[in-house]
Amino acid sequence: MTSSNKHPGAPWRNFYGRVKGKSLRPSQETYLEEDLAKLSPGAVDWEVNPERENLDLQAMFGGKPVWLEIGFGGGEHLVHQAATHPHMGIIGCEPYINGVAMLLGKIRQAGVENLKVYPGDARNMFDVLPDESIDKAFLNYPDPWPKTRHHRRRFVTQEHLEPLARALKPGAEFRVATDIPDYVRQTLQEVPKAGFEWLAEGPSNWRAPWDDWISTRYEQKALREGRTPHYLTFRKR
């Protein structure tokens with residue numbers, strides 16, 4: 001466990017996920033050195049923005065609508081969305097530096113230019129997003145924290161959902177993909193409390209993926225191991 005902030009004025013936020021895994025390949029080190037700074041959304045961390053001034057999203061993406069992906073893993077879905085929707089600006093948050101390096105390689109390969117990358121805790125990003133500024137948010141295969149005593153570590157708690165809801169525009173869509181039945185239960189219980197409604201009229205609404213979905217490596221692993229994906233769509237009230 002570590003804190004997601006190091007600035008003395010920052011709030012204490014428990015952070016339980018990994019920030020680094022196995023050694024990076026030389027090419028991935030190059031991506032981090034050459035590309036990450038250019039893709040920065042601006043001053044997000046407390047050390048560089050202790051006043052928590054809002055990001056200028058209009059200037060960042062030239063007035064495009066802005067989407068947010070929380071924990072992009074290896075970046076497959078993030079790059080796919082950017083390539084499929086070039087008229088949107090998309091910010092991805094991911095504290096796991098190996099995943100960030102993987103994403104940067106995919107960005108180079110795809111040549112997309114409507115992405116910004118924040119290599120850190122999404123809660124820091126929520127601090128500096130203007131109120132009602134985000135048009136769509138994605139949470140794909142978040143860390144399941146399967147033990148009951150660890151469920152409070154999941155993203156779908158009010159600590160995360162309330163600031164996310166504040167940043168989303170009224171009517172904005174929030175998508176959650178998970179293969180863990182108990183995570184589905186907690187999501188359906190907690191997300192509406194934060195000001196969302198579940199857009200489901202029948203089983204097909206959570207069994208079938210979205211039209212612009214791409215199956216990630218996490219989903220492929222779930223399918224190989226016999227787990228069933230669920231695709232949950234919410235709308236900010």
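Q: Is E219 buried or exposed?
A: Buried: in this predicted model, E219 has a relative accessible area of 4%. That counts as buried because the cut-off is under 20%.

Q: Where does E219 sit, and what does it touch?
A: E219 is in helix α9. Leaving aside neighbours within four places in sequence, E219 is in contact with Y141, W213, P229 and Y231.

Q: Which side chain does E219 have a polar contact with?
A: That would be S215, with the two side chains joined at 2.7 Å.

Q: What does UniProt say about "binding site" positions?
A: An unreviewed UniProt entry puts that feature at K147, D179, T216, R217, Y218 and E219.

Q: And why don't they all gather at one spot?
A: They span 73 residues in sequence and the farthest two C-alpha atoms are 24.1 Å apart, so the annotated positions do not all gather at one spot.

Q: OK, R217 then. Which helix is it in, and what does it touch?
A: R217 lies in helix α9, residues 217–224. Not counting residues up to four places away in sequence, R217 touches G73, G74, E76 and M102. As for accessibility, R217 is partly exposed, with a relative accessible area of 36%.

Q: Switching topic: how many salt bridges are there in the whole structure?
A: A search turns up 18. One of them pairs R108 with E34, at 2.6 Å from N to O. That pair links distant parts of the chain: R108 is in helix α4 (residues 97–110), E34 is in helix α1 (residues 26–35), and they are 74 residues apart.

Q: How accessible are R108 and E34?
A: R108 is partly exposed, with a relative accessible area of 40%. E34 is partly exposed too, at 46%.

Q: Which residues are in a network of salt bridges with them?
A: D35 and K38 are linked with E34 and R108 in a network of salt bridges.

Q: What about D135, which residue does it bridge to?
A: D135 forms a salt bridge with K169, and their closest N and O atoms are 3.2 Å apart. This pair also links distant parts of the chain, with D135 in strand β6 (residues 134–140) and K169 in strand β7 (residues 168–178), 34 residues apart. D135 is partly exposed at 24% relative accessible area, and K169 is partly exposed at 31%.

Q: Last one, R175: what is its salt-bridge partner, and is R175 buried or exposed?
A: The partner is E173, with the side chains meeting at 2.5 Å, N to O. R175 is buried, with a relative accessible area of 6%.

Conventions:
Residues are numbered from 1 along each chain as its sequence is written. This is a predicted model: local features need pLDDT of at least 70, side-chain atom pairs count only at pLDDT 80 or more; totals for chains, interfaces and linings use all residues. Side-chain values use heavy atoms; hydrogens and water are left out. A salt bridge is a side-chain nitrogen of Lys or Arg within 4 Å of a carboxyl oxygen of Asp or Glu. Helices (H or I, at least four residues) and strands (E, at least two) are DSSP runs, numbered from the N terminus. Buried means under 20% relative accessible area, exposed over 50%, partly exposed in between (1.4 Å probe, protein chains only). UniProt positions are given in the numbering used here, feature names are shortened, and annotations may be inferred rather than shown by experiment. Contact means heavy atoms within 4.5 Å. A polar contact is a pair of N or O atoms within 3.5 Å; within protein, one must be able to donate a hydrogen and the other to accept it, and residues adjacent in sequence count only if both atoms are side-chain atoms.
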